[in-house]
Each structure stands twice: as C-alpha cells, then as structure tokens.
Amino acid sequence: MNKLFALILAWAMLAVLASCGTNTGNTSSTETGSLNETASQESQKDHKEATPPNEVVLPVSSDTNILIAYFSRVGNTDFPEDVDAVSSASLLRKDGELYGNTQYVAALIQQATGGDLFLIKTEEKYPADYDETDQLGGKENKERSRPALASHVEGMSGYDLIYLGYPNWYYDMPMAVYAFLEEYDLSGKTIIPFVTSGGSGFSKSISEIQNLQPNAEVLTEGYKVTHSKVDGVTLEDIEQWLDSLEISG
Ligand SMILES: Cc1cc2nc3c(=O)[nH]c(=O)nc-3n(C[C@H](O)[C@H](O)[C@H](O)COP(=O)(O)O)c2cc1C
C-alpha cells in the first residue's frame with residue numbers, strides 16, 4: 001500500500017516538474033505572444049485597480065512601435081442604427097460600416113502602417129444631433145474644458161511614432177485631444193498630426209501640440225482633408241502621403 005502511495009506521489013511530482021519545464025522553455029513566436037498577453041493582462045489588472053471602473057485600456061502589442069490615436073464623433077456618440085450618413089457632414093459608410101471622418105482616415109493609416117489603433121474616448125458621450133454637438137464643442141472650447149477620458153494607452157513608452165488624428169473643432173482641436181496630450185509625456189517621440197475639417201484644416205492645432213509636448217518632434221506635414229472629400233480618400237492616397245514624410249529613426 002505504501003509502495004502504491006509512493007508511486008502516485010512520484011508521478012504527481014513528475015507531472016508538476018514537466019509543466020514547469022514547458023512554461024520556462026516557451027520560445028516560439030506564438031507562444032511568446034501569449035506570454036506577452038499574460039503580462040499585458042496582469043498589468044491591465046494593476047492599471048484597472050488604480051483607475052475608475054469604466055476604464056478602457058489598449059494592450060500594447062509586441063510588434064509595433066506605431067500608435068494611431070484619434071478622436072472622432074463615431075465612437076464618442078451613441079448613434080441610432082439607421083443614422084443618416086449620406087447627408088451628414090461627419091459620417092460615412094463603407095461596406096455597411098459607419099465611420100466618422102477622422103476614424104476613417106485613421107483606419108487607412110492603420111492599414112498602411114500596421115500600427116495600433118486607439119480611440120480617444122470621453123466618459124460622457126456627445127449628442128447624436130450634429131447641432132447639439134456643435135454647441136457643446138463650442139462651449140468646451142470657450143471654457144478650455146478637459147473632458148474626462150475613458151480610454152488610456154497602456155505602455156505608451158513602447159511607441160516611438162504617434163499619428164494623432166482629430167476633427168477641427170472651432171479652429172482648434174477638440175478639448176478631449178488636449179486632455180489626451182496632457183496625460184502622457186511624449187518626449188523623444190515623433191507626432192504626425194492628421195485632421196479632417198469643413199475647410200479650416202489644421203488651424204492653430206499643430207503649434208498647440210508643440211506647446212503641449214515641447215520635447216516631441218511634431219511634423220508639420222500632417223495629412224488634412226475636408227469632410228466632403230473623406231469618402232474618396234484611398235489607401236494609395238495615404239501611402240503616397242506616408243512616402244512623402246521624412247521620418248527619422
Ligand atoms: C463641434 C464642431 C466644431 C466644428 N468646427 C469646425 C471648424 O471650426 N472648422 C471646420 O472647418 N470644421 C469644423 N467642424 C467640422 C468638422 O471638423 C468635420 O465635419 C470633421 O470632418 C468631423 O470629423 P469626425 O467625423 O471624425 O468627427 C466642426 C464640427 C463640430 C462637430
């Protein structure tokens with residue numbers, strides 16, 4: 001009987017040792033990915049404990065140093081499913097999917113670069129009604145308010161290149177983008193702005209980004225497109241613009 005017990009014990013110890021060996025010897029690319037995932041999930045857990053419960057955290061992927069951070073009405077507004085994207089100035093549909101103008105350009109930059117896409121999301125949603133959003137945006141701009149953000153980049157230090165996209169709101173960036181820029185130290189990183197607008201282009205936004213992040217390199221050759229033309233922007237257009245940039249590093 002004792003012999004049987006000793007045998008079972010030895011078998012159990014061997015099984016435990018074998019499982020430890022498998023974990024430490026984990027070097028294939030997919031397995032490395034899942035290890036990173038675990039590390040990321042754990043740091044997300046830590047992050048969540050220190051921040052409000054409605055926090056949305058972007059896990060940093062291991063294989064890109066490019067972040068595409070953008071603000072857009074879509075993602076920050078609860079639109080009815082049948083929202084009119086045809087006559088709207090700031091909405092479009094592609095393959096049945098609803099996009100905000102800036103979101104659409106961000107998605108093309110993501111396709112062209114393979115970077116991580118990140119929506120700058122406010123805790124409070126904006127009204128579905130365009131005019132109401134216009135008024136609220138104007139009020140926020142006047143008050144220089146800083147809407148609380150519900151999304152945060154985890155592992156910002158892992159990114160070297162940040163494409164930053166926003167709609168022009170009142171000849172300026174939406175205040176949520178200020179809140180985003182004030183949340184991180186982007187020293188030593190390159191910021192490449194892109195904007196969609198009714199025609200104002202960047203207005204003063206590029207110098208505002210420079211003021212907020214004085215130790216980052218802010219490219220002035222950002223991408224700009226008016227809202228009536230966003231629908232016609234192609235991946236090739238974005239690739240051509242990317243090719244024209246002189247990005248160091
Ligand atoms: C609150 C608000 C303010 C705006 N202010 C301007 C402006 O000053 N100049 C301009 O050209 N367009 C302005 N627009 C138009 C937007 O910049 C344009 O429709 C943009 O493409 C919307 O992008 P989105 O769909 O990603 O939100 C404004 C739109 C809103 C909602």
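Two residues are taken to be in contact if their C-beta atoms, placed from the backbone, lie within 7 Å. By this criterion, residues 24 or more positions apart account for 82% of the contacts in the protein chain with a separation of 6 or more. The model is a predicted one. Its protein chain has 7 helices and 10 strands, and 30% of its 249 residues are buried.

The largest nonpolar core has 45 residues, and the members that touch the most others are Ile68, Ala69, Tyr70, Val105, Ile120, Ile162 and Val177. Helix α5 (residues 175-183) provides the largest share of this core, with 6 residues. In soluble globular proteins, nonpolar side chains tend to be buried together. Apart from neighbours within four places in sequence, the contacts of Ile120 are Ala69, Tyr70, Phe71, Leu149, Ser151, Ala176, Val177 and Phe180.

Thr122 lies in the loop between β5 (116-119) and α4. Thr122 counts as buried because it has 21 C-beta neighbours inside 10 Å, the cut-off for a buried residue being 20 or more. When neighbours within four places in sequence are set aside, Thr122 is in contact with Asn76, Pro147, Ala148, Leu149, Ala150 and Ala176. Of these, Ala148 is 26 residues away along the chain, and its C-alpha atom is separated from that of Thr122 by 5.8 Å.

Helix α4 has 14 residues, which at 1.5 Å a residue should span 20 Å; the C-alpha atoms at its ends are 20 Å apart, in agreement with this expectation. The helix is hardly covered, with a count of 1 buried residue among its 14 residues.

The ligand is surrounded by 22 residues, of which Ser90, Thr102, Gly137, Pro167 and Gly198 are the closest. At least two residues of this shell are supplied by each of α3 (101-113), α4 (130-143) and β8 (190-197). By residue class, the shell around the ligand consists of 15 polar, 5 nonpolar and 2 charged residues.

Strands β3 (residues 91-94) and β4 (residues 97-100) pair in the antiparallel sense over 4 bridges. In this pairing, Arg93 stands opposite Leu98 in β4. The two strands form a hairpin with 2 residues between them, and Asp95 in the turn has a positive phi of about 50 degrees.

Key. Residues are numbered from 1 along each chain as its sequence is written. This is a predicted model: local features need pLDDT of at least 70, side-chain atom pairs count only at pLDDT 80 or more; totals for chains, interfaces and linings use all residues. A residue is near a molecule or strand if its C-beta atom, placed from the backbone, lies within 6 Å of it. Ala, Val, Leu, Ile, Met, Phe, Trp, Tyr, Cys and Pro count as nonpolar, Asp, Glu, Lys and Arg as charged, and the others, Gly among them, as polar. The expected span of a helix is 1.5 Å times one less than its number of residues. A residue is buried if 20 or more other C-beta atoms lie within 10 Å of its own, exposed if 12 or fewer, and partly exposed in between; C-beta atoms are placed from the backbone. Two strands pair if DSSP finds at least two bridges between them. A nonpolar core is a set of buried Ala, Val, Leu, Ile, Met, Phe, Trp, Tyr and Cys residues joined through C-beta atoms within 7 Å.
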